[in-house]
Amino acid sequence: MNSKALLSHYKLRVTNSRCTILEIFMDAEAALSEYNIEKQLEGQCDRVTIYRTLKTFLDNGIVHKVLDEGNIVKYAVCGTNCEPALHNHEHVHFKCQTCGDTICLDNIPIQNIKLPNGYTKKEANLLILGTCGKCNN
Ligand SMILES: [Zn+2]
Ligand SMILES: [Zn+2]
Ligand SMILES: [Zn+2]
């Protein structure tokens, strides 16, 4: 699916900046921070547009948050099973300490962790630090 079709699929208005930012995500091999996107856009969009676009994508199940080390938040494209207000995936994220990439390991689910009585889970995040396959070669 191309960026236009994907936006239409989620019933979002197709704008140039939405298409461009979505294409950056679709081409990316690793999760992207707001700063990464801003750099790739080379001034095509201002920061407010980037911020709003990311929020729209997040709210509509197009991208999900990837918690990186420290306070950096990155974003990555969701699979096809996410819907507005319902992100439907809990997979492991991997941060390579050599190249700095943070990657979605879509096929590796987070194990079900038993919580104490009275606790309810909303979402789970698991970040594994180490060296990725590319850097280990
Ligand atoms: Zn999602
Ligand atoms: Zn690496
Ligand atoms: Zn992910």
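Predicted model: local features only at pLDDT ≥ 70, side-chain atom pairs only at ≥ 80, totals over all residues.
His93 is buried, with a relative accessible area of 4%.

Next, select the zinc ion (ligand 3). Its donors are His64 (NE2), His91 (NE2), His93 (NE2) and Cys104 (SG), at 2.0 to 2.2 Å. Along the sequence, these donor residues follow the spacing H-x26-H-x1-H-x10-C. His93 belongs to strand β4 (residues 91–96) and Cys104 to strand β5 (residues 102–109), 11 residues apart. The arrangement is tetrahedral because the 4 donor atoms subtend angles of 99 to 115° around the zinc ion (ligand 3). Cys104 has a relative accessibility of 16%, so it counts as buried.

Now move to the zinc ion (ligand 2). Show Cys96, Cys99, Cys132 and Cys135: their SG atoms are the protein donors, lying 2.3 Å from the ion. The angles among the 4 donor atoms are 102 to 120°, and the site is tetrahedral. The spacing of the donors along the chain is C-x2-C-x32-C-x2-C. Is Cys96 buried or exposed? Cys96 counts as buried, at 0% relative accessibility, whereas Cys99 is partly exposed, with a relative accessible area of 37%.

Finally, turn to the largest nonpolar core, which has 19 residues. Select Phe25, Ile37 and Ile62, the members that touch the most others. Helices α1 (3–9), α2 (16–27), α3 (34–41) and α4 (47–59) each supply at least two residues of this core; the largest share, 5 residues, comes from α2. Centre the view on Ile62. Beyond its neighbours within four places in sequence, Ile62 is in contact with several residues, including Leu6, Leu22, Phe57 and Val77.

Technical notes. Residues numbered from 1 in each chain as written. Chains lettered and ligands numbered in written order. Heavy atoms only, no water. Donors = N, O, S within 2.8 Å, 3.2 Å for Na, K, Ca; no water. Tetrahedral: all angles 85-135°; square planar, octahedral: opposite > 155°, others 65-115°. Buried < 20%, exposed > 50% of the residue type's maximum accessible area, 1.4 Å probe, protein only. Core = buried A, V, L, I, M, F, W, Y, C linked by side-chain atoms within 4.5 Å. Helix = DSSP H or I, 4+ residues; strand = E, 2+ residues; numbered from the N terminus. Contact = heavy atoms within 4.5 Å.
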